[in-house]
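Subject: Structure handover

Hello,

Please find the structure below, followed by notes on what was found in it.

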Protein chains: 2
Amino acid sequence: MLASQTNLAWHTLLDLEADGPLVTRVEQGLRRAVRSGEVPEGTMLPPSRRMAETLGVSRWVVTQVYEQLVAEGVLEARVGAGTRVARTRPPSSPGGERELAGPVPPLPRRPSYDLRPGVADLRHVPREAWTRAMRDALAKATNDDFATAPAAGHPATRTAVADHLREARMVDAPAAAVVITRGATDAMGRVGAALRAAGHTHLLVEDPCWPMLRDVAQRAGLTPVPVPVDDAGIDVGALVRSAEATGARAAVVTPAHQFPLGVPLAGERREALLAWAREADGIVIEDDYDAEFRYDRRPVAALQRLDPGRVLLLGSTSKTMSPAFGIGWMVAPASWRESLTASAGEAPSVLAQLAMTEMLTSGAYDRHLRAARLRYRRRHDTVVAAIETCLPTATMSGLAAGLHLVLELGPESPDAADVVRAAAELDVGITDMRRYEAAPSASSRRLVLGYGNLADGRLPDAVALLAACARARG
Amino acid sequence: MLASQTNLAWHTLLDLEADGPLVTRVEQGLRRAVRSGEVPEGTMLPPSRRMAETLGVSRWVVTQVYEQLVAEGVLEARVGAGTRVARTRPPSSPGGERELAGPVPPLPRRPSYDLRPGVADLRHVPREAWTRAMRDALAKATNDDFATAPAAGHPATRTAVADHLREARMVDAPAAAVVITRGATDAMGRVGAALRAAGHTHLLVEDPCWPMLRDVAQRAGLTPVPVPVDDAGIDVGALVRSAEATGARAAVVTPAHQFPLGVPLAGERREALLAWAREADGIVIEDDYDAEFRYDRRPVAALQRLDPGRVLLLGSTSKTMSPAFGIGWMVAPASWRESLTASAGEAPSVLAQLAMTEMLTSGAYDRHLRAARLRYRRRHDTVVAAIETCLPTATMSGLAAGLHLVLELGPESPDAADVVRAAAELDVGITDMRRYEAAPSASSRRLVLGYGNLADGRLPDAVALLAACARARG
């Protein structure tokens with residue numbers, strides 16, 4: 001059943017009053033009219049000469065429009081049968097056109113008093129330094145730099161990162177051992193896939209731990225095996241027993257500053273862990289997530305340097321700058337490097353790599369680290385003092401390092417879960433230690449408090465509000 | 001067997017003449033001396049007081065150094081037994097320390113006459129525009145923008161890309177349907193994983209085709225099923241038969257400009273392809289890789305708009321700018337979106353997203369596209385004219401579009417493989433069509449010639465050298 005072309009007020013329908021070239025206006029008008037149903041499916045269009053007269057445009061305009069829309073499948077042209085509107089397509093069930101609508105969800109809201117761990121100081125990301133670094137990188141880049149970079153990263157970036165890690169983390173590795181990543185999540189995804197490809201089925205993880213790397217490894221097909229952590233870091237004796245029980249030959253650890261307990265891995269355990277790795281033909285993944293920030297002494301050197309053939313170090317800028325920069329690195333034993341760089345699509349953008357290279361070679365990154373360390377150190381000391389005042393029965397643990405501390409509330413306090421809930425109502429974000437435990441304790445008063453993203457001006461209020469929640473019963 | 005501490009000339013070994021704080025100098029000297037073997041494993045160190053006297057430094061310096069190195073596992077301290085150098089670790093076999101050495105391989109060299117397809121004009125990437133975009137993005141960003149962005153991308157970027165695609169590609173999709181990617185490889189990796197998770201086992205691909213997306217899908221576990229392409233695009237009849245034979249319900253196509261044949265998908269085949277997808281409950285992946293560049297008319301609208309519930313569009317800036325920017329997009333039916341954004345680690349860096357948002361909203365991206373289109377159009381015309389002159393018996397095919405054309409050499413020419421080899425010796429890079437064929441022809445004179453990255457000044461020489469190779473026999 002074809003609608004009659006002559007019943008349609010083409011001139012009105014196509015609304016030629018808009019701006020832009022005439023062909024575009026006619027074409028967009030016709031497309032819109034078809035789409036809205038004003039010109040129904042199957043409608044025969046007037047021959048181009050007649051349509052041109054109706055619209056008061058040249059015939060060339062109309063033939064251009066018809067050809068374009070035929071090429072797109074909006075119209076159909078049959079020899080000897082003129083041009084008509086193609087049959088419309090029923091919107092497909094699941095995944096249909098209807099479902100496409102809906103607004104983009106905005107960025108998640110952060111609490112006014114953000115005491116959640118794992119967030120860097122978003123007020124002090126090096127905006128100007130990165131702008132300069134990007135400008136200089138773009139000015140210096142050769143044309144060939146703009147092609148796809150090798151999967152392991154741009155050679156200049158690998159060299160700059162190797163130099164930085166030698167200085168800052170005493171990492172013992174040439175540039176060829178460095179793989180540039182988009183951050184620790186990206187890195188762990190690749191490590192997980194490489195472990196699976198090498199026949200690994202299990203991954204030893206610290207308990208408690210930051211769940212992200214564990215979850216990424218799990219998505220890659222590895223079964224996590226929790227190993228307890230005490231005040232000297234991961235319990236290597238327990239690790240060896242778990243490894244024997246499960247056949248696990250890979251472990252992820254945080255030797256510089258355990259998350260969340262905040263302790264460093266003791267020297268003798270470092271040796272014992274590596275002895276296990278050699279014995280088991282295993283691999284230790286060193287998550288060096290916030291080693292740059294130690295306030296009482298210089299950071300302990302990376303575990304990696306003790307056995308570069310058995311330790312795969314993961315580092316990133318997500319804690320030192322912010323995750324928005326999307327750049328990190330691995331230092332990988334030679335035997336793992338190939339499987340960690342299987343796809344060039346994994347590398348961060350070459351521009352981010354070249355800007356990071358500028359940050360490193362110009363000294364801007366070091367200057368940023370020093371300024372950040374000073375800020376965090378001051379904030380750490382202020383938080384500690386505020387807690388001592390407002391929460392005198394609480395105990396704090398963990399090094400003077402990183403961006404978080406562990407707070408054990410006094411025996412008069414409600415359970416940590418109740419404190420977290422009450423705090424949320426006052427727009428204070430803080431985390432129950434159980435969130436990081438493999439088998440969460442039935443009752444606990446331990447909180448993990450991050451001060452990375454806590455605005456200094458809100459610090460007294462944040463701790464006072466937290467203290468009120470910790471005093472409140474039930 | 002312990003070396004006697006007193007035999008060691010500590011002052012010389014530790015070389016305190018370097019710059020920097022005394023603690024650092026002593027520590028680095030001792031670490032180096034242990035590492036080099038000058039102070040062998042097991043060596044007892046002098047008590048801190050004696051060492052301080054020997055070196056002429058304060059005892060505090062020495063205790064600091066000893067503590068640091070014990071914490072790192074370089075030294076061992078036992079109560080009542082003093083401090084000694086820890087047992088050194090035998091470098092582990094496969095992946096041992098030895099293997100770590102070796103220089104970083106430099107970037108791959110490009111031919112002087114680069115006629116290989118798939119490379120954009122690296123001499124004209126928008127360096128200044130991106131510098132400005134990054135500067136403005138960093139100046140405008142809120143603090144919260146620097147946190148981890150949602151896996152689907154930053155809301156502002158999704159909105160800007162949706163607006164751009166509506167204008168440029170007549171894509172019919174709200175911002176919520178847009179997923180920001182790092183480019184087509186990233187996108188196809190996610191699509192492949194999502195298809196596998198939804199039970200797909202096969203993927204229909206064009207034959208010939210650009211192998212990258214096919215290979216990425218294959219790595220994700222999908223078996224590619226080649227479907228022939230003729231001068232109206234993919235043969236939909238053959239596609240339907242292959243789909244029935246294999247159970248394949250997903251196809252990757254290049255409707256705007258088939259790679260490598262250079263033809264658009266005909267209007268009636270567009271409808272037929274979508275009819276198959278609806279019938280089979282399938283999905284069509286539209287690789288919109290170079291649709292921005294058409295020189296004879298405006299680009300044909302994306303296939304996506306004909307059925308947004310059945311078409312998943314992939315776009316990127318790797319051909320419009322360069323792969324170095326690391327940014328692209330998908331427009332995905334609602335039912336696929338969740339599985340395409342499983343991991344936040346997949347998204348490109350927020351800074352790249354915000355800079356791209358600036359490029360789009362400021363009009364800089366459109367300006368760049370217009371300038372690039374003009375340059376490529378001129379180069380296309382010049383290449384065509386040069387080929388007509390130098391290779392009069394060759395025939396060219398493909399639209400006046402994109403960055404490549406197909407060149408069929410005359411019957412007097414050697415086989416394409418011989419031409420490619422001879423060209424390589426003259427530092428001319430060009431590609432044999434067989435590289436893109438599922439079952440490469442036994443004999444072929446077809447070359448795929450890319451002019452994207454061909455310097456205009458080298459154009460006459462490039463074509464003349466190619467012609468010489470095509471004339472040379474055996």
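**Between the two chains**

Across the interface of chain A and chain B there are six salt bridges, a salt bridge being a side-chain nitrogen of Lys or Arg within 4 Å of a carboxyl oxygen of Asp or Glu. One salt bridge joins the side chains of B:Arg297 and A:Glu67, at 3.9 Å from N to O.

Before going on, note that this is a predicted model, in which local features need pLDDT of at least 70 and side-chain atom pairs count only at pLDDT 80 or more, while totals for chains, interfaces and linings use all residues. Residues are numbered from 1 along each chain as its sequence is written, chains are lettered from A and ligands numbered from 1 in the order in which they are written, and side-chain values use heavy atoms, with hydrogens and water left out.

The count between chain A and chain B is 19 residue pairs in polar contact, with both residues at pLDDT 80 or more. A polar contact is a pair of N or O atoms within 3.5 Å; within protein, one must be able to donate a hydrogen and the other to accept it, and residues adjacent in sequence count only if both atoms are side-chain atoms.

Which elements give two or more residues to the side of chain A that touches chain B? They are helices H2 (22–36), H4 (59–71), H5 (127–140), H6 (155–169), H10 (267–279), H11 (334–340) and H12 (350–361) of chain A. Helices (H or I, at least four residues) and strands (E, at least two) are DSSP runs, numbered from the N terminus. H5(A) gives the most, with eight residues.

By class, this side of chain A has 44 nonpolar, 23 polar and 30 charged residues. Here Ala, Val, Leu, Ile, Met, Phe, Trp, Tyr, Cys and Pro count as nonpolar, Asp, Glu, Lys and Arg as charged, and the others, Gly among them, as polar.

In total, 97 residues of chain A are in contact (heavy atoms within 4.5 Å) with 98 residues of chain B. The two chains bury about 8,100 Å² between them, 55% of it on carbon and sulfur atoms. Buried area is the accessible area (1.4 Å probe) that two parts lose on being put together, summed over both.

**Sheets in chain B**

Chain B has an open sheet of eight strands with mixed pairing, in the order S4-S11-S10-S9-S8-S5-S6-S7. Two strands pair if DSSP finds at least two bridges between them. Strands S4 (178–181) and S7 (233–234) of chain B stand at the edges with a single partner strand each, so one side of each has no neighbour in the sheet.

Inside this sheet, S9 (residues 283–287) and S10 (residues 311–316) of chain B pair in the parallel sense over four bridges. B:Glu286 stands opposite B:Leu313 in S10(B). Helix H10 (residues 267–279) of chain B lies across several strands, including S9 and S10, and runs at about 140 degrees to S9(B). Axes are lines fitted to C-alpha atoms, for helices over the stretch in contact, and angles run from 0 to 180 degrees between N-to-C directions.

B:Asp281 lies in the loop between H10 and S9 of chain B, and this residue has a positive phi of about 55 degrees although it is not a glycine.

Another open sheet of chain B has four strands in the order S12-S13-S16-S15, with antiparallel pairing. Its edge strands are S12 (395–397) and S15 (431–432) of chain B. S15(B) pairs with S16 (residues 446–450) of chain B over two bridges, and B:Thr431 stands opposite B:Val448. Helix H13 (residues 364–390) of chain B lies across S12, S13 (404–408) and S16, at about 10 degrees to S13(B).

**Details in chain A**

Over all chains, the whole structure has 56 salt bridges. One of them joins A:Asp163 and A:Arg166, at 3.1 Å from N to O. These residues are three apart in helix H6 of chain A, so about one helical turn separates them.

Most residues other than glycine have a negative phi, and most peptide bonds are trans. A cis peptide bond joins A:Asp207 and A:Pro208, with omega about 5 degrees. The bond from A:Phe259 to A:Pro260 is also cis, with omega near 5 degrees.

Regards
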